[in-house]
Each structure stands twice: as C-alpha cells, then as structure tokens.
Amino acid sequence: MDRRKFLKSTVTGLGTMAMLPACAYDPAPFRFFTQKEAECVIALTDQIIPADESGPGAVYANVVNYIDQQLVRVFRNEQSVYKKGITALQNSCKKIYGQLFHELEFDTQTDFLIKVESNNVPKEFWDGIDPAQFFSMVIRHTMQGFYGSPVHGGNKNYISYRLMKLEYPQVVGQNRYRRNHGE
Amino acid sequence: MANKHVNAIVVGAGAGGGVVAKELAANGISVILFERGGWPVYDECINDELRNQRTFVLGSAFGPDWDRHPRVLLGKDGTKRIVVANGWDYSHIAACVGSGTVSYGAMAWRYMPEDFKMKTTYGSVAGSTLEDWPICYDELESCYEKAEWEIGVSGDDRNNPFAAPRQKPYPMPPFENTKEGTLLSAAARRLGLHPFPIPMLRNSVPYDGRPGCIRNRTCIGFQCPVDAKNGTHNTVIPAAMATGHCTVKTHCQVAEVTTGTKGRATGVRYFDNKDREQYQTADIVIIAASAIETARLLLNSRSKLFPNGISNESGWVGRNLQGHAYTGADGLFDHDVRDRIGPGATFGLCDFNHHNKGIIGGGLLCNEFHDLPYGFSQFRPPGAARWGKAHKEFQVKMYRRISAIRGPIQEMPNFEARITVDETVKDHWGIPVAALSGERHVLDHEHCKFLSARAEEIIREAGAYQTWKTIGGKGLSGSQHQCGTARMGNDPKTSVVNKYGQSHQVDNLFVADASLFVTGGGFNPVLTIMALGYHVGNYIVKNWNGSKFK
C-alpha cells in the first residue's frame, strides 16, 4: 500500500488519525516558499492549530500548502511580508535561543510566539514589519487553510469538518467547481 | 452599428432594478436591463467558505472582481486609501443578476409606519438630517404585498403585536424554529417580549414552480442549490424576459447618463462585455445600482447643464450614506443549543424598534445566522485564546454551544457621511471611482449599547453561563444595507428625487433602489427596496401614454 492510500484508509477513523505523527503531511513542491521557509511556516501552523487528543492539526491538514498556493494567487501582495517576517522570526530565535524557530522544542516555540504577540522581540530584525501584525496574519491564514474548503489546498480530507462533527460538504457541483477554482 | 432605441433603460439588476424592469416590461414598455456582472452560476461558489458573499478572503464569488472595481476611503485626517472588494470597508454588494438577492439571508421585513415618520415621531436630532419620508407606510402597503406574493415570502406575523397592518397574509407558512430558536424565544417570552417567526424570501413549501427549502447550512452568503431562495434573478427578471419586452445585458459597465440640449436624459454611455464604448438611447432612464454606485453614476454624469452631476442641483447626491450597525450579544451554554440546521436565524422580535425611552428608533433583534467553521474560528469571547490548543478546543467543543442575538440599529442620517467621486482614481474603464467618507452619527453607538443590553438579557435568561456584548455603531457606514444617497423628498432643496423616485430636475430620470431611503429603518432593507421598485414602476406605467413619457 502506498503512502497516499495508507493515509486515505486511516482517515476513516479519527482515533487512528490522532496517532499520526505531526509530520505526516504530503510533501508538495512549494510554489513560493523555499524548503527552509516552509519548515518555519509548518512549525508556525503547528503552534496555531496543534494536533492533540481531539485529532490532527494544521500540519496534517497541509495548511502550509494553502498559504503557499495563495501567495502566488490571491495573496500576491503579501509575498514580501512573508519573506521579511520569516527572516525576522528566524533571526530573533537565533539571537535568543541560538536555534531556528522550527528547531526549537514545541513549548519553547510557544513561549517565543507569546513574545511575538506582544512585540517583545529584538527590534533590530523587524525593520518595517510589525511582529504582532505578522503573526496575526499567519494566524488568520492558518485558520483559513484549516477550517476553509479543501479545494484551496488545506483542510486535507475535510479534517476540520470531521473534528467539528460536520457532515461533508454536499457533492452537488463539486467536481466542476474544483476544476475552476482548485488545483 | 448603433443600438436600437428602447423605451426604458434600467441600470442595475438587483432588488430594485429587477422589479422595475418587470413592471415596465409587463406593461409593454421595452426595457434594457444593464448589469455589470453576469448571471449567477451555482458552481461558481457552491459551499466554499472562503469565497462567498460573507467571507471573501479569496475573492467575491458574485463579483465585483477585485482588479477592475477599486474604491477610495477618505479618512478624517485626509488620508486616502484605495480598497478592493475583499473587506467590509469596501461596502461590498454582489455584482450579478439578482445582486444581493442571490446570496442574502433573505429576511423579508416590512418597515413599520414610524420608520417613514422619524422626524414626526421623534423630532429633530442635532447633527442629523433626520426627516420623514415623502410617502407613508399606507402608500407602500400594496407594494409590499406585491413583493411578498410575486417574489415569495414565508411568514406569519400574527404573534407580532408591533406588526404594520396588512391586507393579505403571507403567501407561504412560516419556518419552524431551530433548537436554539425555541430556547431563546421561550426566554424572550418569559421576559415579556414578543418573538415570532422571521419572514423569509425563501420557500417553506414549493412555490411558483420552485421547490421548498432544504435547510442548507451554506445558505446566507451563497446561492441556493435547489433555487428555494427567492431573489429577482429567479422571479421577476425571468418574468420580465418572458414578456418579450426586456433584454438583460450583462457585463456592461454604465459610465454616465447622457443628456440632450433640453436637459432631459437621452440614454447612457456604457462599456460592453468586450470593453467597447457604446451608447444606448431611451425615453426613460432608471438607476438602481445600489446606494454607492447610483450616487457615483449621477455624480459622473456631468455636462454643461449639470456641472455637479445630473439631478444634483441640491448638492445632496451622495449625502446621508447610511447602513446598519449590527449589534447584539453572545452566550455560551453547557449543553448543545445549536443544531446547525441552515440557515440559522429563525425568530425575531420588534419590541425594541420604536418607543423605547431615550432611544430614537431602535432595531430588530433576531437569533443569528449560523457561522461556518472559519468564521467561527475568528469569533471568541473577550480574552479567549486566539490560537493554540485552547483555541482549537473551543472550536471543537463550543460550535454547538454558542448562541447569538443581533439586530440592525436604525442609524441617524449624517449629512457628512457621503459618496463623492475621485478624479484621480479610475476603474478599469477609466471612470472615476466612488470615494467613501464620514462617520456614523454619535447616537448610533449609544443606541447599539441599548439593543445589545436587551439581547444579553435574553441570552442570560435562556441559561447561558457566560454572556458578552458585541456593540457596533462607530466608524463609516454603508456596507450591505447601504442607503440614503439619493434621498426622496418633496423639497428639491433638500432631496434628489420626488416621492416617485423621479428626479427633481430631469423628469425622465428615476432612481429605484435604497438610495431613495430617507432613513434606513431598524430592519433588513430588501423588501422595502422591492416595494419601492413596484412603487416607482407603477408611477412610470401610469404616466406612459403608449409611445412617450408624459
């Protein structure tokens, strides 16, 4: 059984899915992010919507794919904010912890993001970009990728709808819609 | 080749324009109905939460497209910001045949008699151009009835002691309450209030050849998959076309109303679906492009005779931009209260629309339409986690245990809240765009506090363990319920058109949308826009002598 089929078959039960490791996302080729940037964004989305006893989180849902896809489509104006924000975030982490953001322990990442939220980070790395605003934008985009329609590249296997015990979206028109607005 | 002359041009195929076009066509008056968008296609939106009329983070499913229709926001401090239709401050209205009537929540309120007599009822208000309408409720009653029967409304207002008098009941029975609606309306009754089913432009039973509602959760913000939601796109506009006297021209952007040497309207200049500049001549021109676009079109129709825009001798075109500040309260329960059956809102109460001590006007209260998963993720009690495990837990645990009651406050018209045109910012076709400026009247926020407090009392009485108020009423008005920018009135010095929507200066130019509103009422406006469509249409038909406009 290949990996895709395996993932598909495990989707039938949330219990099984909750046991999937946090890194079980489909490694899609990124359109905008470099691999390094993507690792940082994946770690950010994992903090924003973590996997827990209720089920998988943003990493499983492939939220990074949603953000990456929109950055070359609808969010084109946010490209430089993402580039700058990720660099600033990494430089701040290196200075405080001597490690990159995605290399930190989960709880250390959390502590760091609480600092970011209150703009309590080394100012020299955040030229022309507001740390709290940048993080708020990533929160918003992560929520969209996790809770929005799967057609846009996130919410893999309708995972958020399953968590919230909502029946799948109706299939009427779905196929044609996918062709027009999805991949 | 020149376009063939027609009797009437209607600009805008929304709630008002669709009705006028049908009234004229049904009486043998040839009509061209211009719409800047296209026909709505269900497949273009289906149930995509990120791309619909409520959440447009990835685009406006029903238009307008972002690149070609910018607007300008003017700040108090002189700042100028160009915006596209991806946020609420754009004051976005669907740009398609049917407009907002395709994607709305479909509440079908008649305004109350007091809503047409605000100045008589409450007196003058400092800093506001509050005024009576030049027509009263009784003059519009038959038009409300026509809208309810021709377009289709489900409802029963016999348990509403504040209901405006009606000659005929609703054509369809009301919708039943949801679990949440039952709980909250019982609480409201215990507090001595008078809840009743919300009248809806939605079929509770099959009606007029279309099926009954299937309680779709993705209803408000979306087109109906089974066509059980009634808008002008699936009722009056097809009826107008069926007469053979109405042609709908989609993807046409009207640039200006053209005038002749005698100061009458001769037609419109527009850009067709291939961006070609065109002229269409007509005996009558009716503008129904929504409060912002109607004002923009009038202001952009400049000539020697009308240097400040057509029908703008008073300088009131674009003034008094109003909308509805939404306000209310929310509560958390320790058991499931929401069954998440669509579209959610089921009961309303009019106890706070009028005659509450110290309040000028007021507003309706209803249980809220369901929010979808992403929308819900952006909504939390004060102080709750915005991200992380706690945020996710709330999302999963509380989606069915949260309840909201909200309503639209009747806004006090503010002369300085206005639409102008920006000469330096042009749209795709080179037409100056609308600029929005000014703020709501200071009383609006005070009135919102009152209404939110009443909403919170009901939710608390229903057993919520935590409640909080969300209070609106500040900043720029407009948005979906935008109105007031081409006020109707008897005095040409303080209004734009007369009581029939006819321009004070150009007798073959009419307005037939919410721009006409003197005041916005404490209700969703769509049925009143439709009723005004019938009102204006009737007047034109009566004054049409068979070949020419009298």
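**Meeting chains A and B**

In this predicted model, 32 residues of chain B are in contact (heavy atoms within 4.5 Å) with 45 residues of chain A. Residues are numbered from 1 along each chain as its sequence is written, and chains are lettered from A in the order in which they are written. Local features need pLDDT of at least 70, side-chain atom pairs count only at pLDDT 80 or more, while totals for chains, interfaces and linings use all residues; side-chain values use heavy atoms, leaving out hydrogens and water.

Student: What area is buried between chain B and chain A?

Tutor: Buried area is the accessible area (1.4 Å probe) that two parts lose on being put together, summed over both. Carbon and sulfur atoms give 56% of it here, and the total is about 3200 Å².

Student: Which residues in chain B lose the most area to chain A?

Tutor: Three residues together give 24% of what that side buries. They are Asp43(B), Trp387(B) and Lys392(B).

Student: Is Ser403(B) buried or exposed?

Tutor: Buried means under 20% relative accessible area, exposed over 50%, and partly exposed in between (1.4 Å probe, protein chains only). Ser403(B) has a relative accessible area of 1%, so Ser403(B) counts as buried.

Student: With the side chain of which residue does the side chain of Ser403(B) make a polar contact?

Tutor: A polar contact is a pair of N or O atoms within 3.5 Å; within protein, one must be able to donate a hydrogen and the other to accept it, and residues adjacent in sequence count only if both atoms are side-chain atoms. For Ser403(B) the distance is 2.6 Å, and the partner is Glu180(B).
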